[in-house]
Amino acid sequence: MRAVVTRLDSFGDVLLAGPAIRAVAARADHVTLLCGPLGEPAARMLPGVDEVVVWNAPWAGFDPPPVRRTEIDALTEALDADTGLILTSFHQSPLPTALVLRLAGVRRLAADSVDHPGSLLDVRHQRAEHAHEAEAALDLAEAAGFPRVDDGHLAVLPPPDTGELTGGRPYVVLHAGSSVPARAWSPGRCAEAVRELTAAGHRVVVTGGRGERELTAHVAGDTALDLGGRTDARELAGVLARAAAVVTGNTGPAHLAAAVGTPVVSLFAPVVPAERWRPYGVPYVLLGDQSAPCAGSRARTCPVPGHPCLQSVSAHDVVAAVEKVMQA
């Protein structure tokens, strides 16, 4: 049996699909993961994936492309599967993807759907109302005939040894950036946390993407090790795996830290529900006002002046949370 699993969103979303993909891989002879460009680095780190097909879908992502018949035709020609699992967030419809997979000849499809699917789905599953995204994906896989085969935690292929980058252990990672501004702690607060963590006796490593080097340099100052822009996805996994704890917002590195088994202090803006997107399967502390006015808004830019949900968190709060998760 050849299976295709789709998760068309970002890096962290693809990591959260990992446990369901392993369940599919335990029964399928070949697993193709269909993902978007932002999710590709995560897709290539997941156990159980035999092939990665990257497609920028017109109904996914922050800046979706227009619909182009030639690209859909090329995708349907490239896919070769008997059965498919369409993974989506609770607010997304799987039906556009289901239509494309039907055109590709996939005979059996399963997805969570609140809309009538017509002939697009064979298994129309209803996700549990408060399920974490990783659990929801596992539930769907089981409904489609792929029961879980392990502890269901996040996992990635073994990362490289990054000791030459980080130096000795122990250390705490502070990941300063976020792909969504509404989910980011302010640079000033991040810099304060670096200073307070250092004063408390922790060695701090600051991480960030290639476009965040100015941010990480500011946050690290002359106190922390600045690795901003110096790691790819696999190397970042290695840095996080060696850490005693990771401090980050609700962004991909939070899920990558969980995938390598490192405790997380989560600066969580409630624009999406923490019950669905919190760090999964590792010790964690959730910081941030979860009842702030922005709660549930899915806003990309904070709609409340002053960003109170996260600015209410102090550097001292972070130090206390780090020490708590390190003892868990």
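Residues are numbered from 1 along each chain as its sequence is written. In this predicted model, local features need pLDDT of at least 70, side-chain atom pairs count only at pLDDT 80 or more, totals for chains, interfaces and linings use all residues, and side-chain values use heavy atoms, with hydrogens and water left out.

The largest nonpolar core holds 56 residues. A nonpolar core is a set of buried Ala, Val, Leu, Ile, Met, Phe, Trp, Tyr and Cys residues joined through side-chain atoms within 4.5 Å. Buried means under 20% relative accessible area, exposed over 50%, and partly exposed in between (1.4 Å probe, protein chains only). Within this core, Leu85 and Leu256 touch the most other members. Helix H10 (residues 233-242) gives the most to the core, with five residues. Helices (H or I, at least four residues) and strands (E, at least two) are DSSP runs, numbered from the N terminus. Apart from this core lies another, of 36 residues, including Val172, Val194, Leu287 and Val322. In soluble globular proteins, nonpolar side chains tend to be buried together.

Contact means heavy atoms within 4.5 Å. Residues up to four places away in sequence aside, Leu85 touches Val4, Val5, Thr6, Val24, Ala110, Leu140, Ala141 and Ala144. Alanine 3 lies in strand S1 (residues 2-7). Alanine 3 counts as buried, at 1% relative accessibility. Beyond its neighbours within four places in sequence, alanine 3 is in contact with Val24, Ala28, His30, Val31, Thr32, Ala81 and Thr83.

Helix H9 (residues 213-220) has Thr216, Val219 and Ala220 as its buried residues. Seen down the axis of H9, these fall within an arc of 90°, so they line one face of the helix. The arc is that of the directions from the helix axis to the C-beta atoms. The cover over the buried residues of H9 includes strand S7 (172-175), helix H8 (187-199), strand S8 (204-207) and strand S9 (225-226). Glycine 221 follows H9, with a positive phi near 55°.

Arginine 276 sits in helix H12 (residues 274-277). Arginine 276 is buried yet has no salt bridge. A salt bridge is a side-chain nitrogen of Lys or Arg within 4 Å of a carboxyl oxygen of Asp or Glu. The nearest side chain of opposite charge, glutamate 275, is 4.4 Å away. Lys and Arg count as positive and Asp and Glu as negative; His and the chain ends are not counted. A polar atom of the arginine 276 side chain lies 2.6 Å from the backbone oxygen of glutamate 129.

The structure holds 14 salt bridges. One joins the side chains of arginine 107 and aspartate 82 (3.3 Å, N to O). Arginine 107 lies in the loop between helix H5 (95-103) and strand S5 (108-112), and aspartate 82 in the loop between helix H4 (69-78) and strand S4 (83-86), so the pair ties together parts that are 25 residues apart in sequence. Arginine 107 is exposed, at 61% relative accessibility, whereas aspartate 82 is partly exposed, at 24%. Aspartate 122 and arginine 102 also meet in a salt bridge (3.0 Å, N to O). Glutamate 135 forms a salt bridge with arginine 148, the closest N and O atoms being 3.1 Å apart. Glutamate 135 lies in helix H6 (residues 133-143), and arginine 148 in the loop between H6 and helix H7 (163-166). Salt bridges that share partners join Arg7, Asp9, Asp13, Arg127 and Glu133 into one network.

Key: Polar contact = N/O pair within 3.5 Å; in protein donor to acceptor, adjacent residues only side chain to side chain.
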